[in-house]
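Here's a friendly walk through one protein model and its ligand. Take a look at the sequence and the 3D view, then read on.

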Amino acid sequence: MRITGVIASPRGKKGNTYPLLEAALKGAGDEGAKTEIINIAKSEINYCNGCLKCFKSGKCIHDDDFEKIFLKLMKSDGIIFASPNYINSVTGQMKTFFDRMADAIHCQMFEGKYGFSISTAGGSGADEVSEYMNQTLRVLGADTTGHIGMDIADAEEGAKPWENKAYEEGKKLASAIRNNEKFPEQEEFHKYMQERMEKLITANKKEWKHEYKYLKKKKGE
Ligand SMILES: Cc1cc2nc3c(=O)[nH]c(=O)nc-3n(C[C@H](O)[C@H](O)[C@H](O)COP(=O)(O)O)c2cc1C
């Protein structure tokens, strides 16, 4: 079982978010997962320029670190997204990473995977930011198993209790993967996404050849 943590904090190991991700992966590791952390704030990931070439060919025009990182996620059973709250959202680095996954969303490439998200905020909004990242995981096709949102202003006892929570969430994620856990409350949304994306790809099948081929293969046609 492989679980990858993707963090997008420019402060990296010196920041507030990294220790929570580390604790989550420690929990996952104690449940038998092989784990890795990738800090995309230290990687070269260029903006999506909206050319739609990836829909057509499965390849991006940018030759940067995105593909290598994305392939690692495709080989992972579990994914943890971690970002600080920057102006009530994820950091620009995380959003840029998300924008590069439009093709993966159309193809629902995270189907069968599990994940959850972690955010920290100086004042408020960490829950909302982690829920936004969880929504991105679900939009990609994954099931989400929980979330961590630590508002530092309210964390009177310091980070330790949050690290303990993150550790437990990491264990929960690994256990969901091992037991192939079902989340009935998320099934309706996945069904809606699959149908919507299938309609979209089919309507554009002449142009979006890569996505149509991917869809056909997935359906065994
Ligand atoms: C550019 C920037 C924007 C921020 N925006 C917010 C914000 O909107 N709300 C908030 O509560 N904290 C905000 N913060 C504080 C960070 O969310 C907080 O310090 C976080 O724990 C940083 O995580 P890190 O140390 O892992 O990078 C911001 C910090 C920076 C540098």
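In which loop does Asn 88 lie? Asn 88 sits in the loop between E3 and helix H4 (92-99). Keep in mind that this is a predicted model. Asn 88 isn't a glycine, yet its phi is positive, at about 60 degrees. With a relative accessibility of 62%, Asn 88 counts as exposed, because exposed means over 50%.

You'll find Leu 52 in the loop between strand E2 (34-39) and H2. Leu 52 is partly exposed, at 34% relative accessibility.

Two further residues are worth a stop. Asp 64 has its place in the loop between helix H2 (53-57) and helix H3 (66-74). With a relative accessible area of 12%, Asp 64 is buried, because the cut-off for buried is under 20%. Asp 64 is 20 residues from Glu 44 in sequence, and their C-alpha atoms are 5.8 Å apart in space. Pro 184, on the other hand, belongs to helix H8 (residues 184-203), and Pro 184 is exposed, with a relative accessible area of 57%. Between Pro 184 and Leu 215 there are 24 Å from C-alpha to C-alpha, and the two are 31 residues apart in sequence.

Now for strand E4. Why is strand E4 (residues 114-121) largely enclosed by the rest of the structure? Eight of its eight residues are buried, so the rest of the structure largely encloses it. Look at how the side chains are arranged: Tyr 114, Phe 116, Ile 118 and Thr 120 point one way from E4, while Gly 115, Ser 117, Ser 119 and Ala 121 point the other way. Both sets are buried.

E4 also has strand partners. Strand E3 (residues 78-84) runs parallel to E4, and seven bridges join them. To get from E4 to E5, the chain passes through helix H6 (residues 126-139), making a right-handed β-α-β crossover.

Thr 120 turns up again at the ligand. The ligand is surrounded by 16 residues, and the closest are Ser 9, Arg 11, Thr 17, Asn 85 and Thr 120. By type, the shell divides into five nonpolar residues, 10 polar and one charged. Here are some distances from oxygen atoms of the ligand to the protein:

| Residue | Protein atom | Distance from a ligand oxygen atom |
|---|---|---|
| Asn 16 | polar backbone atom | 2.8 Å |
| Thr 120 | N or O atom in the side chain | 2.7 Å |
| Ser 124 | polar backbone atom | 3.0 Å |

How much of the ligand does the protein bury? On its own the ligand exposes 650 Å², and the protein buries 72% of that.

Note on methods: Residues are numbered from 1 along each chain as its sequence is written. This is a predicted model: local features need pLDDT of at least 70, side-chain atom pairs count only at pLDDT 80 or more; totals for chains, interfaces and linings use all residues. Side-chain values use heavy atoms; hydrogens and water are left out. Buried means under 20% relative accessible area, exposed over 50%, partly exposed in between (1.4 Å probe, protein chains only). Helices (H or I, at least four residues) and strands (E, at least two) are DSSP runs, numbered from the N terminus. Two strands pair if DSSP finds at least two bridges between them. A crossover is right-handed if, with the strands pointing away from the viewer, the path from the first strand over the helix to the second runs clockwise. A residue is near a molecule or strand if one of its heavy atoms lies within 4 Å of it. A polar contact is a pair of N or O atoms within 3.5 Å; within protein, one must be able to donate a hydrogen and the other to accept it, and residues adjacent in sequence count only if both atoms are side-chain atoms. Accessible areas come from the Shrake-Rupley method with a 1.4 Å probe; for residues, only the protein chains shown count as cover. Ala, Val, Leu, Ile, Met, Phe, Trp, Tyr, Cys and Pro count as nonpolar, Asp, Glu, Lys and Arg as charged, and the others, Gly among them, as polar.
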